[in-house]
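Subject: The structure, and what I found in it

Hi,

Here is the structure I promised to pass on.

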Amino acid sequence: MNNKLLLNNLPKIFYQEERILLSNNIKTWNSLLSISDKEIHKLIYGSLGSVRNLKRLKCIAYFICTLGIELNEAALLMHSGFISNKAISRLSPQELVQKTGRFERILKTGRIPLIDLKKANFLIEKAKKTII
């Protein structure tokens, strides 16, 4: 099993959801990606987790599994408004940098942007390959 695909080091906001997933033997991003919305509701029933957070994690899992990127990059794409590789593939590298950069500026992270033009071009090309 590839350690990169293991569910670990999740942000604290997903603490309850991580406990739910691990207690139901969902330990990898691939296994999280394969669960349906109906199963998500069953997992959450009677727990302190939220459907919203599990769906967010599933979207992050989609980007991690299909694009082979890190958790923080996948979360940035999701929070910047992208939900699929098809949406990413329709952008130019400049547009992707602009949209993700705007979100990072709103957060006032003060760090070097995670996605630059080179990384944006790589993500767009990889997204185009995965939707074909």
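Below are my notes, taken helix by helix and then pair by pair. Please keep in mind that this is a predicted model.

**Helix α8 and its buried side**

I would start with α8, which covers residues 117-131. The buried residues in α8 are Ala120, Leu123, Ile124 and Ala127. These four cover an arc of only 100° around the axis, so they sit on the same side of α8.

What do the buried residues of α8 pack against? Their partners are α4 (51-67), α5 (71-79), α6 (85-89) and α7.

**Leu96, from the α7 side**

Leu96 belongs to helix α7, residues 93-107. Its relative accessibility is 0%, which means that Leu96 counts as buried. Leaving out residues up to four places away in sequence, Leu96 touches Ala120, Leu123 and Ile124, along with Leu77, Phe82, Ile88 and Leu91. As a sense of distance, the C-alpha atoms of Leu96 and Leu7 are separated by 26 Å, and these two residues are 89 residues apart along the chain.

**The two salt bridges**

The structure holds two salt bridges. One of them joins Lys55 and Asp37, with their closest N and O atoms 4.0 Å apart. This pair links distant parts of the chain, since Lys55 is in helix α4 and Asp37 is in helix α3 (residues 37-44), 18 residues apart. Lys55 has a relative accessibility of 36% and therefore counts as partly exposed; Asp37, with a relative accessible area of 38%, is partly exposed.

The other is formed by Lys119 and Glu73, and here the closest N and O atoms are 3.4 Å apart. Because Lys119 lies in helix α8 and Glu73 in helix α5, the pair ties together parts that are 46 residues apart in sequence. Lys119 counts as partly exposed at 22% relative accessibility, whereas Glu73 is buried, with a relative accessible area of 11%.

**A buried lysine**

Which lysine is buried yet has no salt bridge? That is Lys58, found in helix α4. The nearest side chain of opposite charge is Asp37, 4.1 Å away from Lys58, and the cut-off for a salt bridge is 4 Å. A polar atom of the Lys58 side chain does lie 2.6 Å from the backbone oxygen of Ile35. Beyond residues up to four places away in sequence, Lys58 touches Leu32, Leu33, Ile35, Ser36, Asp37 and Ile40.

**Asn25, in a loop**

One last stop is Asn25, in the loop between α1 (15-23) and α2 (29-33). Its phi is near 60°, a positive value in a residue other than glycine. In general, most residues other than glycine have a negative phi. At 57% relative accessibility, Asn25 counts as exposed.

Best wishes

How values were computed. Residues are numbered from 1 along each chain as its sequence is written. This is a predicted model: local features need pLDDT of at least 70, side-chain atom pairs count only at pLDDT 80 or more; totals for chains, interfaces and linings use all residues. Side-chain values use heavy atoms; hydrogens and water are left out. Helices (H or I, at least four residues) and strands (E, at least two) are DSSP runs, numbered from the N terminus. Buried means under 20% relative accessible area, exposed over 50%, partly exposed in between (1.4 Å probe, protein chains only). Contact means heavy atoms within 4.5 Å. The expected span of a helix is 1.5 Å times one less than its number of residues. The arc is that of the directions from the helix axis to the C-beta atoms. Lys and Arg count as positive and Asp and Glu as negative; His and the chain ends are not counted. A polar contact is a pair of N or O atoms within 3.5 Å; within protein, one must be able to donate a hydrogen and the other to accept it, and residues adjacent in sequence count only if both atoms are side-chain atoms.
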